[in-house]
Amino acid sequence: MFTGLIQRIGTLRSLDRVGEGGRISISHGPWDDPLETGESVAVNGACLTVVEFDDTSFVCDVLEETLQRTTLGSKAVGSLLNLERALRVSDRLGGHIVAGHVDGTGTVAAVRQLERDRVLEVSCSEELLLEMVVKGSVTCDGVSLTISGLSSSSFEVNVIPHTWKETALSDLAAGSIINIETDIIAKHVRRFLDPGSGTSSISMDKLRDAGFVS
């Protein structure tokens, strides 16, 4: 489990295809506490397991599904990557609950300056948009962000200067592809409200009778 608060910006050293998957090597600045074999690191929002490491780099095996579902398979050597180590029980939950399981990708439609902030407009599938609400949380390339705008084909997030400077989001431009993970709570709500799931005991009529919707 992660929080979406980026701890290091890494650089892709290599991505080698191995059978039906790959092996990725990433360089980074030293951690306060060294990595450990077997620990989880979110790489641009995708949870990977460390299999080799030294003071300034680590290696992970990557499933083919991960390469297909995320942007990792298309990254070029030298690309900047957002890194976050797994959450400890005693850590502060400063962002939101992030599983590190990327739901899909989106395309940056525009990057705009709004006073001191940047605004990212991201186009993505309707399936992803159904699990988003204005002022709800979304993870973009591993970064916890708040949704500031929502349409039938895209969403917007505001990025403060600190986040822009301290993450690889600053590398984004119109046309960039990013990893998206929607909020875990939104997933459960959608599951329970989906009449085709066979598990829902909640209906819009019940929510209306309870006063949750008008």
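Which strand pairs with strand E4 (residues 46–54), and in what sense? I found that strand E5 (residues 57–63) is the partner, in the antiparallel sense, over four bridges. I took strands (E, at least two residues) and helices (H or I, at least four) as DSSP runs, numbered from the N terminus. Two strands count as paired if DSSP finds at least two bridges between them.

**Basis of the entries.** I worked from a predicted model, in which local features need pLDDT of at least 70 and side-chain atom pairs count only at pLDDT 80 or more, while totals for chains, interfaces and linings use all residues. Residues are numbered from 1 along each chain as its sequence is written, and side-chain values use heavy atoms, with hydrogens and water left out.

**Barrel.** I then traced the sheet and noted that six strands close into a barrel in the order E1-E2-E5-E4-E3-E6, with antiparallel pairing. Neighbouring strands of this sheet are turned by 45 degrees against each other on average, direction ignored. The axes are lines fitted to C-alpha atoms, for helices over the stretch in contact, and angles run from 0 to 180 degrees between N-to-C directions.

**Thr49.** I located Thr49 in strand E4. Thr49 is partly exposed, at a relative accessible area of 39%; buried means under 20%, exposed over 50%, and partly exposed in between (1.4 Å probe, protein chains only). I also looked up the C-alpha separation of Thr49 and Gly136, which is 29 Å for residues 87 apart along the chain.

**Strand E7.** I followed E7 to two partners. E7 and strand E8 (residues 117–123) run antiparallel and are joined by seven bridges; Gln113 has Arg118 in E8 as its bridge partner. E7 and E8 form a hairpin with two residues between them, and Glu115 in the turn has a positive phi of about 55 degrees. E7 and E12 also run antiparallel, joined by four bridges, and Thr107 stands opposite Ile177 in E12.

**Thr167.** Is Thr167 buried or exposed? I noted that Thr167 lies in the loop between helix H3 (161–166) and strand E12 (177–182), and that Thr167 counts as buried because its relative accessibility is 5%. The Thr167 side chain reaches the backbone nitrogen of Leu169 at 3.2 Å.

**Ile97.** Finally, I placed Ile97 in the loop between strand E6 (80–85) and strand E7 (104–114). Ile97 is partly exposed, with a relative accessible area of 37%.

Terms used: Polar contact = N/O pair within 3.5 Å; in protein donor to acceptor, adjacent residues only side chain to side chain.
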